[in-house]
Amino acid sequence: MLELDPKTTALVLIDLQKGILGHELKPHPADRVAKAGGTLADTFRKAGAPVVLVNVGFAKDFKDALRQPVDQPFAAPPGGFPENFSELIDGLAKPGDILVTKHQWGAFHGTELDLQLRRRGIQTIVLGGVATNIGVESTARQAWEHGYAVVLAEDATSGLSAQMHDFTFGNIFPRISRVVKSSDLTLSQA
């Protein structure tokens with residue numbers, strides 16, 4: 001069991017949105033990740049701890065997407081993303097949640113995430129979401145580099161392949177965070 005202080009801890013859920021959870025996810029299917037994320041969010045809200053819901057979105061012309069030269073560049077789908085691509089899954093957001101839209105993998109650069117966390121006195125973030133080795137890993141690395149203590153909820157996280165998920169949880173996250181199951185996470189009572 002890992003007990004955290006709700007006064008200095010926030011939950012940050014990455015890309016639990018319609019356009020991403022529509023993909024086949026592994027090792028945890030989208031519905032289980034959504035349920036685990038929703039349960040964690042309810043737990044944090046009840047304890048008075050901040051819940052941050054991060055989505056990714058782009059302008060219709062994709063002018064806000066990164067375009068550095070890479071071997072596998074981003075290719076916008078013909079006609080763009082569906083209208084509801086960036087919408088959070090139904091029922092996830094509640095009044096009082098902090099909503100952050102990012103335009104790249106990680107949730108810190110170019111957003112108000114760090115500002116919103118620091119102004120609330122947050123020192124620890126619990127992360128979950130999709131995809132393990134893309135948005136979640138990028139955000140975890142950035143959080144660690146910003147000096148936050150990081151906790152990863154393994155069962156509230158999934159990727160496009162079990163191999164990439166397992167590699168990240170086995171080799172990257174133990175170096176920059178603590179890894180737990182959602183059920184092993186508690187928030188202390190005031």
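Student: In what order do the elements of the chain run from the N terminus on?

Tutor: Helices (H or I, at least four residues) and strands (E, at least two) are DSSP runs, numbered from the N terminus. In this predicted model, the order is β-β-α-α-β-β-α-β-α-β-α-β-β, which amounts to 5 helices and 8 strands. Residues are numbered from 1 along each chain as its sequence is written. As the model is predicted, local features need pLDDT of at least 70 and side-chain atom pairs count only at pLDDT 80 or more, while totals for chains, interfaces and linings use all residues; side-chain values use heavy atoms, with hydrogens and water left out.

Student: Which residues of helix 4 are buried, and what do they pack against?

Tutor: Packing is read from contacts, meaning heavy atoms within 4.5 Å. In helix 4 (residues 132-145), the buried residues include Thr132, Gly135, Val136 and Glu137. The buried residues of this helix pack against strand 2, strand 4, strand 5 (124-130), strand 6 and helix 5 (162-176). After helix 4 comes Gly147, with a positive phi near 95°. For the chain, 82% of the contacts with a separation of 6 or more are between residues 24 or more positions apart.

Student: How many salt bridges are there?

Tutor: A salt bridge is a side-chain nitrogen of Lys or Arg within 4 Å of a carboxyl oxygen of Asp or Glu. The count is 10. One of them pairs Asp15 with Lys102, with the closest N and O atoms 3.0 Å apart. Asp15 lies in the loop between strand 2 (9-14) and helix 1 (18-21) and Lys102 in strand 4 (residues 98-102), so the pair ties together parts that are 87 residues apart in sequence. Both Asp15 and Lys102 are buried.

Student: Where do Asp114 and Arg118 lie?

Tutor: An α-helix has 3.6 residues a turn, so residues three or four places apart point the same way. Asp114 and Arg118 are both in helix 3 (residues 113-119), 4 residues apart, about one turn of the helix. Their salt bridge has its closest N and O atoms 2.9 Å apart. Arg118 is partly exposed, at 43% relative accessibility. Elsewhere, salt bridges with shared partners join Lys18, Glu87 and Asp90 into one network.

Student: What does the side chain of Glu154 make a polar contact with?

Tutor: A polar contact is a pair of N or O atoms within 3.5 Å; within protein, one must be able to donate a hydrogen and the other to accept it, and residues adjacent in sequence count only if both atoms are side-chain atoms. Glu154, in strand 6 (residues 149-158), makes such a contact with the side chain of His165 at 2.7 Å. Glu154 is buried, with a relative accessible area of 11%.

Definitions and conventions
Buried means under 20% relative accessible area, exposed over 50%, partly exposed in between (1.4 Å probe, protein chains only).
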